[in-house]
Amino acid sequence: MNVLIPTQLRSYTGGRSCVAASGNTLAEVLACLDSDYPGIRFRMIDEQDRIREHIRIFVSGDTAERIDIPLTESDEVHIVGALSGG
Amino acid sequence: MQYLLAGTRKGAWIYTSDASRGKWKVDGPHYLGSIVNHLVLDPRDQRTMVMALRAGHLVPTILTSTDFGKTWQESPKPPAFPKADDPEMGRSVSHTFWLSPGHESEPGVWWAGTSPPALFRSEDGGVTWDAVKGWNEHPRYHDWCPNAPTPDGELLAQISICTDDPKHMYLCTSSGGVFETTDQCATWAPLNKGVEVTFGPELYPEFGQDAHQIAVHPKDSNRIYQQNHCGIYRIDRPGDTWVRIGNNMPEAVGDIGFSVVVDPRNTDKAWVWPMDGSDVWPRTSPGGKPAAYMTDDGGETWQRQDKGFPREQAWYTVKRQAFVGDGLDPMGLYIGTTGGEVWASSNAGESWNQIAVHLPEIYSLNAVTVD
């Protein structure tokens, strides 16, 4: 499935705004993503498997509150990161 | 070659000079736009740089370089707490605030202090990090670190290792004070007797102080200076009571500040950088007149050192990691300001020159000689 990457994480994906990943849950997709782009998961998910405060993850338009939710191959994962501040 | 590393609110810069420390070349920015809380060059191997970085609202990352910043490697295992049985209750590292190379006898060992105030150790030059259970899971941890709502989060703000004993360490926290271990983190005890807390219900609590910075003297680990939220102190171990040597500062200047630097050759010589800690705590140079203050008698007297600085209307602050010495003779001193200026003295503070300007707010400096 497609995973949309915010600008502040594209240093991991070689500048690509959309990458492919697979998995039956959001956790598996993020693990797949981290396998391809080491370190990217920890910048979104903390050591307690919580989505970090300034990250939002949308699965086919719906906000994901947890990472253990099931996904299907037709889903699209959209990662958004806050860039507020001066 | 002299190295001066600057961590700022929006990236890192690396300055180099020859032994004269007169002219400096700049290299940077590194990681423009990212918050660099601390950037430190290992004085033992004179090669490894470790950087504590976070990108705006994103998360803590440790980066290392062994080619003086030409390339950086992200830590595959940065400081992080173990996963809790109940994830909702588990702690998460907000950011790494302080980095310390380990003892001379332990090459490759590094220590990191974070927010929330936790201790992490690396044994491979800062590449991978493990939580230090002796502190992070201490039975009294939640008493000593009460989750106080301090700016930028409650901090483990500093780690100091005695030169004569790698197992003898001190750490500072922003809401507990100074803590000591003599068995390299297996056991800990507060060391705050005599240090005032003017912002709490008890004037001299066992813990609850805000230890901004300590300087364990490298020549004699029994001599320790402290710049506390509530004054400048000194202790001579094995004594257990701090003495407020800041009472000897000029009353109009006061003894509030973030940093303390010592002369590695003289246990009686130290510098502080006072700031305005009156009423609402402006945290500016007192009266808008920047100056270091130096003692060469263990804090009995203090001498103002302001030659070269603006005479008035200079309102910057120097944060706790942004006043450092290079240990050379004569001692080089460096300050980084919240206004993005770096000032240097190559004569132990007698005179100062501005060596960088227009940087972002400076969070840290680190001065190291590379042979």
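The backbone nitrogen of B:Gly332 lies 2.8 Å from a polar atom of the side chain of B:Asp326. That distance comes from a predicted model, so please keep that in mind for the rest of the talk.

Where is B:Asp326 in the chain? B:Asp326 sits in the loop between strand S23, residues 323-325, and strand S24, residues 333-336, of chain B.

Is B:Asp326 buried or exposed? Its relative accessible area is 9%, and the cut-off for buried is under 20%, so B:Asp326 counts as buried.

What is B:Asp326 in contact with, leaving aside its neighbours within four places in sequence? The residues are B:Gln2, B:Arg21, B:Met331, B:Gly332, B:Tyr334, B:Ala367 and B:Thr369.

Now to a sheet in chain B. Three strands form an open sheet in the order S16-S17-S18, and the pairing is antiparallel. Strand S16, residues 211-216, and strand S18, residues 231-236, are at the edges. Each has a single partner strand, so one side of each has no neighbour in the sheet. On average, neighbouring strands here are turned by 20° against each other, with direction ignored.

How many bridges join S16 of chain B to strand S17? There are five, and S17 covers residues 223-228. To take one residue pair, B:Ala215 has B:Tyr225 in S17 as its bridge partner.

Notes: Residues numbered from 1 in each chain as written. Chains lettered and ligands numbered in written order. Predicted model: local features only at pLDDT ≥ 70, side-chain atom pairs only at ≥ 80, totals over all residues. Heavy atoms only, no water. Pairing = 2+ DSSP bridges. Helix = DSSP H or I, 4+ residues; strand = E, 2+ residues; numbered from the N terminus. Axes fitted to C-alpha atoms, helices over the stretch in contact; angles between N-to-C directions. Buried < 20%, exposed > 50% of the residue type's maximum accessible area, 1.4 Å probe, protein only. Polar contact = N/O pair within 3.5 Å; in protein donor to acceptor, adjacent residues only side chain to side chain. Contact = heavy atoms within 4.5 Å.
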